[in-house]
Amino acid sequence: MNKRALIKFFGDVYGTGYRFFIKQKAIELGLKGYCKLNAQEQIEVEVEGSKKAIDEFLLFVQKGVSLQADSNSFTLELFDDLKGYVRMESDIV
């Protein structure tokens with residue numbers, strides 16, 4: 001069964017490597033979606049894939065994405081419907 005997760009990180013997100021580490025972990029787990037800085041200056045991540053991969057990704061998020069960040073604050077929404085992403089994209093290289 002596949003799932004979709006929407007995660008928004010807030011607080012200490014500048015210069016911490018969040019988007020780089022998130023994109024790398026998502027690719028490693030075979031997840032598809034995006035990671036970007038949104039208009040509210042939060043790191044917004046939407047990924048979809050197998051329930052197992054989503055669960056592993058969420059453990060990674062809960063442990064703390066970046067050692068450089070002072071905090072690890074985020075919101076999380078889970079969905080059963082998919083959007084059909086074909087790759088993991090980011091607004092950084």
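In the predicted model, the side chain of glutamate 46 makes a polar contact with the side chain of lysine 83, at 3.4 Å, a polar contact being a pair of N or O atoms within 3.5 Å of which, within protein, one must be able to donate a hydrogen and the other to accept it, while residues adjacent in sequence count only if both atoms are side-chain atoms. The model is a predicted one, in which local features need pLDDT of at least 70 and side-chain atom pairs count only at pLDDT 80 or more, whereas totals for chains, interfaces and linings use all residues. Residues are numbered from 1 along each chain as its sequence is written, and side-chain values use heavy atoms, with hydrogens and water left out.

Glutamate 46 is placed in strand 3 and has a relative accessible area of 2%, so that this residue counts as buried (buried means under 20% relative accessible area, exposed over 50%, and partly exposed in between, with a 1.4 Å probe and protein chains only). When its neighbours within four places in sequence are left aside, glutamate 46 is in contact with Arg4, Ala5, Leu6, Lys32, Gly33, Tyr34, Lys83 and Tyr85, where contact means heavy atoms within 4.5 Å.

Lysine 32, one of these partners, lies in strand 2 and counts as partly exposed because its relative accessibility is 30%. Lysine 32 and valine 47 are 15 residues apart in sequence, yet their C-alpha atoms are 5.4 Å apart in space. With neighbours within four places again left aside, the contacts of lysine 32 include Glu46, Val47 and Glu48, as well as Tyr85, Val86, Arg87 and Met88.

Strand 2 (residues 32-37) and strand 3 (residues 43-50) run antiparallel and are joined by 6 bridges, two strands being paired if DSSP finds at least two bridges between them. These two strands form a hairpin with 5 residues between them, and glutamate 41 in the turn has a positive phi of about 60°. Strand 2 is also joined by 3 bridges to strand 5 (residues 88-90), to which it runs parallel. Cysteine 35 stands opposite valine 45 in strand 3 and opposite serine 90 in strand 5.

Over the whole protein chain, 2 helices and 5 strands are present, in the sequence order β-α-β-β-α-β-β; helices (H or I, at least four residues) and strands (E, at least two) are DSSP runs numbered from the N terminus. Of the 93 residues, 39% count as buried, and among contacts between residues at least 6 apart in sequence, 76% join residues at least 24 apart.
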